[in-house]
Amino acid sequence: MKAIYILIIIVLCCQLLFAEEAKTEILFPDHHLCLEASGKVVVKADKAVFSFTSTGYGATLRAAVTNAKARVSDLTKDLVAVGITNDSFSTSSFTTGKNLNAPLLSDKKDYSATLNTTVTLRDLTKLDEAILILTDKKAENLSNISYSLDDQSKIRQQAREIAFNRICEQRNTIVRILGVNVTDVLLIDEAPFDQLPWNTQQVYRSKGYENAYSNTVTSYDKSEPAMMSPDALGGIYTPDVTVETQVRVLYRVGLKQ
């Protein structure tokens, strides 16, 4: 009987120990310093993407598709002639069907096929010439020019370094004025931030809007259309692209001895 009681006590002790381990652990001590900063770099876009459509007609779907492909080949041939490589073109959409506007007394245009071609330019000096060529050849629905960076990694690293330098400036100012001692780093975090264990209700705001910080933000000003510029190499104004990141560092602090 005594052995049974001892066994029950051991089981209860084990349950208590497991319950303690299951509790949410506060990862950081009370004496900490949490600093946040952002870094932003603004550079000119170096990649442009736009699209155009080509429609072919025929007595059969096959004939319509063949005519549409021939139209695309004719347009891209002139773009290749000015130095735009074949790998810059891709077919983004493809539709076929009955031609609802076909003449009543002719079956030569009973079917239609439309190819949407996307052009990705990494040499913006060729952008204005490409647009003029497609305009002269009456490409359909030539539109939707969007700008971006072909490789954000270097610019993102610059933004990150700016943010961490600001963190160090904040830390040094606080240490100098308040006379505290920063001993080591407890946490390094880059947006979107994880919730800190003691603050599950924290909401971050970015530029007045209630949305979570993102790791990098790329944007350009769409408020004004692209304009012809006689002085610019490409003939079209290239917009600025903004790459931004936010970082957070948590330090352990104490009073100086």
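This report describes the fold, the nonpolar cores and some helix features of one protein.

**Overall arrangement**

The model is predicted. The protein contains 4 helices and 8 strands, and from the N terminus on these elements follow the order α-β-β-α-β-β-α-β-α-β-β-β. Of the 257 residues in the protein, 30% are buried. Among contacts between residues at least 6 apart in sequence, 80% join residues at least 24 apart.

Gly58 and Lys109 are separated by 51 residues in sequence, yet their C-alpha atoms are 4.6 Å apart in space. Gly58 belongs to strand E2. Gly58 counts as buried because its relative accessibility is 4%, and the limit for a buried residue is under 20%.

**The nonpolar cores**

In soluble globular proteins, nonpolar side chains tend to be buried together. The largest nonpolar core here has 24 residues, of which Phe50, Leu79, Leu121, Leu127 and Leu134 touch the most other members.

| Element | Residues |
|---|---|
| Strand E2 | 47-58 |
| Helix H2 | 61-81 |
| Strand E4 | 111-121 |
| Helix H3 | 127-136 |
| Helix H4 | 153-178 |
| Strand E8 | 240-255 |

Helix H3 gives the most to this core, with 5 residues. A second, separate core has 9 residues, including Leu33, Ala37, Val247 and Val249.

**Helices H2 and H3**

Two packed helices are described by the angle between their axes and the distance between the axes. For H2 and H3, the angle is about 150° and the axes are 10 Å apart. The crossing of H2 past H3 is right-handed. On the H2 side, Leu75, Asp78 and Leu79 take part in the contact, and they meet Ala130, Ile133 and Leu134 of H3. The residues of this contact comprise 5 nonpolar, no polar and 1 charged.

Leaving aside residues up to four places away in sequence, Leu79 touches Ile84, Phe89, Ala130, Ile133 and Leu134.

**Helix H4**

Helix H4 covers residues 153-178, 26 residues in total. From its first C-alpha to its last, H4 reaches 37 Å, close to the 38 Å expected at 1.5 Å a residue. The buried residues of H4 include Ile155, Ala159, Arg160, Ala163, Ile167 and Val175. An α-helix has 3.6 residues a turn, so residues three or four places apart point the same way. After H4 comes Gly179, whose phi is positive, near 70°.

How values were computed:
Residues numbered from 1 in each chain as written. Heavy atoms only, no water. Helix = DSSP H or I, 4+ residues; strand = E, 2+ residues; numbered from the N terminus. Expected span 1.5 Å × (residues − 1). Buried < 20%, exposed > 50% of the residue type's maximum accessible area, 1.4 Å probe, protein only. Core = buried A, V, L, I, M, F, W, Y, C linked by side-chain atoms within 4.5 Å. Contact = heavy atoms within 4.5 Å. Axes fitted to C-alpha atoms, helices over the stretch in contact; angles between N-to-C directions. Left-handed = near helix turned anticlockwise from the far one by under 90°. Nonpolar A, V, L, I, M, F, W, Y, C, P; charged D, E, K, R; others polar.
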